[in-house]
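Reader: Please take one part of this model and go through it closely, starting from its side-chain contacts. Then place that part in the rest of the fold.

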Amino acid sequence: MQESLLNPSVDITRLRVGSQTYHCLYPGATFTGSQTCGRNSYSVTVTIVDVDLSSSFLCGYLCICGVTEDWPELTTYFDGEIMGNRHGFLTQKWEASEQVDMSHWQRFPAFHYVRNELKRPRLTMPDRHRDTIFMRWKERFLIPDHKAVSGLSFEGFYYVCMEFNLWSPASTALSVVSEGSETSTSTLLTPGRRHRDLSVQRAGDGSPIGPRCPAPAATISGFYYHPKSEPYQQLSLTHVAQTFSSTFEFR
């Protein structure tokens, strides 16, 4: 049978869904750090599994240690919404009011650089080039076992700010490529100037190649919210540099 006549709903092994990369945000990227809750601090590792900038989506695994004595290590699957034209800063779900949203977003210093760009009714903003990405992460279930764990709830979510820290004391050139294409353009970052308009690029526009990440390392800060939980539980993570590329493929 000719390949052009294959039924994609049957022969799914021939289909490829390519993930996208954006600086330190790429499949296989690892971030380590902690989550604080009151006086307690827990070790956290986040691994990115898939990134789809065209859909303003990503997903991954969040591993947290020491939450319960019976479960010294818990790993959950989460998916995330990237703020931009598609998803606004107003959550409008998960029991989060506009007042709750603003009280959390305002805790990120980078938010004040984009606040004047936000458009009603959902407080969306243009998908421009930035060195900061704002997201919401929602944990969905435990892996590999979906069983319930006493004292653990997935009803809340995280407000997240990822800063790529693209500026550095020395000039740094970042190559921009589209998957399967030659280098299309490059951006030169000059000393002493912090670029806040560098990016979320959408599919077809090209994306900076990963996992090359200029020093200093990218950071993730976040705040967990649920009305019945300790307020402003803070997530603080740093990108773990890799010397090799990781690729995940969904079939």
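Author: The side chain of glutamate 117 is in polar contact with the side chain of arginine 128, at 3.4 Å. A polar contact here is a pair of N or O atoms within 3.5 Å; within protein, one must be able to donate a hydrogen and the other to accept it, and residues adjacent in sequence count only if both atoms are side-chain atoms. The model is predicted, so to speak of local features requires pLDDT of at least 70 and side-chain atom pairs count only at pLDDT 80 or more, while totals for chains, interfaces and linings use all residues. Residues are numbered from 1 along each chain as its sequence is written, and side-chain values use heavy atoms, with hydrogens and water left out.

Glutamate 117 is found in the loop between α2 and β5. Helices (H or I, at least four residues) and strands (E, at least two) are DSSP runs, numbered from the N terminus. Glutamate 117 is buried because its relative accessible area is 17%. Buried means under 20% relative accessible area, exposed means over 50%, and partly exposed lies in between, with a 1.4 Å probe and protein chains only. Leaving out residues up to four places away in sequence, glutamate 117 touches Thr124, Met125, Pro126, Arg128 and Arg130. Contact means heavy atoms within 4.5 Å.

Glutamate 117 and arginine 128 also meet through their side chains in a salt bridge, at 3.4 Å from N to O. The pair links distant parts of the chain: glutamate 117 and arginine 128 are 11 residues apart, both in the loop between α2 (111–114) and β5 (132–142). A salt bridge is a side-chain nitrogen of Lys or Arg within 4 Å of a carboxyl oxygen of Asp or Glu. By this rule there are six salt bridges. Side chains of opposite charge can pair when their charged atoms come close. Arginine 128 counts as partly exposed because its relative accessibility is 35%.

Glutamate 117 forms a salt bridge with arginine 130 as well, with the closest N and O atoms 2.7 Å apart. Both residues lie in the loop between α2 and β5, so the pair ties together parts that are 13 residues apart in sequence. Arginine 130 is buried, because its relative accessible area is 3%.

A further salt bridge joins lysine 93 to glutamate 81, where the closest N and O atoms are 2.6 Å apart. This pair links distant parts of the chain, with lysine 93 in the loop between β4 (73–82) and α1 (98–105) and glutamate 81 in strand β4, 12 residues apart. Lysine 93 counts as partly exposed because its relative accessibility is 32%, whereas glutamate 81 counts as buried because its value is 14%. Glu81, Lys93 and Arg136 are linked in a network of salt bridges.

Strand β4 runs antiparallel to β3, with nine bridges between them, and antiparallel to β5, with seven. Two strands pair if DSSP finds at least two bridges between them. Leucine 62 has threonine 76 in β4 as its bridge partner, and isoleucine 82 stands opposite methionine 135 in β5.

These strands belong to a closed barrel of eight strands, in the order β1-β2-β3-β4-β5-β6-β10-β11, with antiparallel pairing. Neighbouring strands of this sheet are turned by 30° against each other on average, direction ignored. Helix α1 lies across β5, β6 (157–163) and β10 (219–225), at about 35° to β6. Axes are lines fitted to C-alpha atoms, for helices over the stretch in contact, and angles run from 0 to 180 degrees between N-to-C directions.

The largest nonpolar core has 32 residues, of which Phe31, Val46, Ile48, Trp137 and Phe164 touch the most other members. Two or more residues come to this core from each of β2, β3 (57–65), β4, β5, β6, β10 and β11 (233–239). Strand β2 gives the most, with five residues. A nonpolar core is a set of buried Ala, Val, Leu, Ile, Met, Phe, Trp, Tyr and Cys residues joined through side-chain atoms within 4.5 Å. Beyond four places in sequence, the residues that tryptophan 137 touches include Phe78, Asp79 and Gly80. A second, separate core of 21 residues includes Phe89, Tyr159, Cys161 and Phe223.
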